[in-house]
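Please open the model in your viewer and keep the selection tool at hand. The tour moves from an open space to the parts around it.

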Amino acid sequence: MDIFSAMNIIDLTENYIECLTGKNDFRTYERSYPELFSHYFKYWSNREPYSAHFTKSEVIKRRNLISGALNEIEERFMVNNIETKNISLALFVGQGTSNGHVFRDKEKFVVWIPVECYKTILQARIFVAHEIVHCVHYTLSYDFYFECIKDKRSICRQLITEGIAAQLTLKIFQNDEGVALWADYLSKRDLKLWINECKQREMELLNLVHKTFRSTSTSIGLFNAGDTLDVTRNRAGYYIGLKLIEGLAEEHKLNFLEMLKIPREKLEEMALNWIDKKLGSF
């Protein structure tokens with residue numbers, strides 16, 4: 001299938017269909033982009049025996065859902081003066097462990113999107129845009145990218161990068177914080193409960209972020225996605241990150257494009273100072 005996009009689209013879904021539907025030939029599928037799969041299985045998924053979880057029609061349906069959102073995403077980025085024509089984006093079928101991120105392929109960052117994780121057009125718009133923001137951010141501020149598992153888990157790195165991606169996605173699509181963080185993944189009722197829980201526990205969350213700011217421990221669940229109303233174990237880090245970036249932009253009179261260029265050490269210092277002030281104001 002031809003996907004009409006100014007971005008460089010690397011479509012591996014046909015390779016999945018050819019190599020795995022009825023064959024379970026993972027080795028050939030992996031060889032279609034070994035750099036991607038090396039990154040994916042190092043950071044985002046255990047290397048399980050691969051099988052064809054999705055039928056050909058289901059793969060095509062999910063791929064078309066994402067490709068159908070790309071033109072609108074690119075238009076929204078263009079309106080906000082963010083160039084996307086030099087961005088590469090890989091569509092593939094993963095193992096359902098993440099809805100995407102970015103990896104470094106030689107001297108270039110590539111957005112990777114596992115199509116199996118996308119069920120609605122709103123999820124495609126919000127989460128694909130979110131991952132593209134990560135790509136722009138890493139390109140402009142390389143030191144926010146991670147080169148090892150420990151740095152990937154860094155709370156301060158995640159707080160800032162996920163906050164920037166969420167806040168810029170919110171701005172690009174002119175939606176509210178709930179949609180920017182969850183799209184329509186949660187029901188309206190569950191989303192309202194989650195937002196209210198974050199707001200009611202904001203001081204507790206800020207204290208937790210302050211305490212664990214330099215941590216890389218796997219025991220901290222702020223950026224985990226779990227089936228629980230305990231927001232400290234279910235993506236509350238994204239909420240605090242969004243509030244942090246919003247607060248820094250206001251405090252320092254920065255637009256979000258300017259923030260993308262601030263070096264990691266400086267932005268982490270700014271973030272910690274903002275958190276200190278917020279805790280002092282409660």
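In this predicted model, begin with the largest pocket, which holds about 1400 Å³ of space. Its lining is made up of 46 residues, and you can find the centre by selecting Thr-97, Phe-223, Asn-224, Ala-225 and Tyr-238, which lie nearest to it.

Select helix H7 (residues 155-173) next. At the start of H7, show the side chain of Ser-154, an oxygen of which comes within 3.2 Å of the backbone nitrogen of Arg-157; after the helix comes Gln-174, with a positive phi near 55 degrees.

From here, turn to the largest nonpolar core, a set of 98 residues in which Tyr-29, Ile-73, Leu-89, Val-128, Ile-132, Leu-248 and Leu-267 have the most contacts. H7 contributes the largest share of this core, eleven residues. If you centre on Val-128, you will find that it touches, among others, Ile-66, Leu-70, Ile-113 and Tyr-118.

Finally, which residues of helix H3 (residues 34-43) are buried? They are Leu-36, Phe-37, His-39, Tyr-40, Phe-41 and Tyr-43, and their cover includes helix H2 (26-30), strand E2 (88-92) and helix H6 (149-152).

How values were computed
Residues are numbered from 1 along each chain as its sequence is written. This is a predicted model: local features need pLDDT of at least 70, side-chain atom pairs count only at pLDDT 80 or more; totals for chains, interfaces and linings use all residues. Side-chain values use heavy atoms; hydrogens and water are left out. A polar contact is a pair of N or O atoms within 3.5 Å; within protein, one must be able to donate a hydrogen and the other to accept it, and residues adjacent in sequence count only if both atoms are side-chain atoms. Helices (H or I, at least four residues) and strands (E, at least two) are DSSP runs, numbered from the N terminus. A nonpolar core is a set of buried Ala, Val, Leu, Ile, Met, Phe, Trp, Tyr and Cys residues joined through side-chain atoms within 4.5 Å. Buried means under 20% relative accessible area, exposed over 50%, partly exposed in between (1.4 Å probe, protein chains only). Contact means heavy atoms within 4.5 Å. On a 1 Å grid over the protein atoms alone, a cavity is a set of points where a 1.4 Å probe fits but cannot get out, and a pocket is an open set with protein on both sides within 12 Å along at least five of seven lines; lining residues have an atom within 4 Å of a point. Grid points are joined across faces, edges and corners, and a volume is the space filled by probe spheres set on the points. Lists of a residue's contacts leave out its neighbours within four places in sequence.
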